[in-house]
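Please read the following walk through one protein with its sequence and its 3D structure open side by side.

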Amino acid sequence: MTYLGADHGGVELKDALVAYLRERGEDVRDVGTTGSTSVDYPDFARQVAQAVSRGEADRGVLVCTSGIGMSIVANKFPGVRAALVHDATSARMAREHNDANVLVVGGGMTGTFLARDLLRIFLETAFAGGRHQRRVDAIAAIERDLGVARPPGALR
């Protein structure tokens, strides 16, 4: 299951990505927003990141004008590794090296064709493991040390 969310600055791109995922036969949950009326990006980032953190979603996609605000919010949640990507290399490395589980793109900076390609790469790239697993484990250890470990009952 993939959760997607956007604010008013990313809604058009989010809608295009929802359609793309459905064309691929993916199970999608669109948490909004649905129009151009100004809304607060933390509300939508929270819904997606919380679902990933709790294990209700395998991955998430967030879109705001720049992607920066969504990234900041999403990375507050334990177990969430949100990556703001701008090109194919960063999308691939986010998965291979960081086991990123939330893709973030800037709706005001990323065209639909590129965003679809970034999402495809993100979905089709496996985590490399190996030395990178040690680093992902270190991130989880920091979360535990700070008292922000995954909630009990999380699926992963």
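The model in view is a predicted one, and every value below is computed from it.

The overall build gives this helix its setting. The protein has six helices and five strands, and from the N terminus on its elements follow the order β-α-β-α-β-α-β-α-β-α-α. Its radius of gyration is 15 Å, close to the 15 Å that the globule rule gives for 156 residues, so the protein is as compact as a globular protein of that length. Along its principal axes, the C-alpha trace spans about 40 × 30 × 25 Å. Of the 156 residues, 45% are buried, and among contacts with a separation of 6 or more, 71% are between residues 24 or more positions apart. The protein exposes about 7,600 Å², of which carbon and sulfur atoms supply 50%.

Returning to α1, the helix takes in residues 11–23, and its 13 residues reach 18 Å from the first C-alpha to the last, close to the 18 Å expected at 1.5 Å a residue. Just after α1, G25 takes a positive phi of about 85 degrees.

Helix α2 can be read along similar lines. This helix covers residues 41–54, and its 14 residues should span 20 Å at 1.5 Å a residue, which agrees with end C-alpha atoms that are 20 Å apart. Buried in α2 are F44, A45, V48, A49, A51, V52 and S53, and the buried residues of this helix pack against β1, β3, α3 and β5. Following α2 comes G55, whose phi is positive and near 85 degrees.

The charged side chains come next, and the structure holds 11 salt bridges. In one of them R116 pairs with E23, with the closest N and O atoms 3.6 Å apart; this pair links distant parts of the chain, R116 being in helix α5 and E23 in helix α1, 93 residues apart. R116 is partly exposed, with a relative accessible area of 28%, whereas E23 is exposed, with a relative accessible area of 59%.

What does the salt bridge between R81 and D99 tie together? The closest N and O atoms of this pair are 3.3 Å apart. R81 lies in the loop between α3 (68–74) and β4 (82–84), and D99 in the loop between α4 (88–98) and β5, so the pair ties together parts that are 18 residues apart in sequence. R81 counts as buried because its relative accessibility is 16%, under the 20% cut-off.

Within helix α4, E96 forms a salt bridge with R92, the closest N and O atoms being 2.8 Å apart, and the two residues lie four residues apart, about one turn of the helix. Both partners are partly exposed, E96 with a relative accessible area of 23% and R92 at 33% relative accessibility. Helix α4 also holds R95, which is buried, with a relative accessible area of 14%. Leaving aside residues up to four places away in sequence, R95 touches A100, F122, T125, A126 and F127. The C-alpha atoms of R95 and R81 are separated by 9.6 Å, and the two residues are 14 residues apart along the chain.

Beyond these pairs, a network of salt bridges links R24, E26, R59, D117, R120 and E124.

L146 is placed in the segment after α6 (131–145). Is L146 buried or exposed? L146 counts as exposed because its relative accessibility is 64%, over the 50% cut-off.

Notes
Residues are numbered from 1 along each chain as its sequence is written. This is a predicted model: local features need pLDDT of at least 70, side-chain atom pairs count only at pLDDT 80 or more; totals for chains, interfaces and linings use all residues. Side-chain values use heavy atoms; hydrogens and water are left out. The expected span of a helix is 1.5 Å times one less than its number of residues. Buried means under 20% relative accessible area, exposed over 50%, partly exposed in between (1.4 Å probe, protein chains only). The radius of gyration is taken over C-alpha atoms; the globule rule is 2.2 Å times the number of residues to the power 0.38. Contact means heavy atoms within 4.5 Å. Accessible areas come from the Shrake-Rupley method with a 1.4 Å probe; for residues, only the protein chains shown count as cover. A salt bridge is a side-chain nitrogen of Lys or Arg within 4 Å of a carboxyl oxygen of Asp or Glu.
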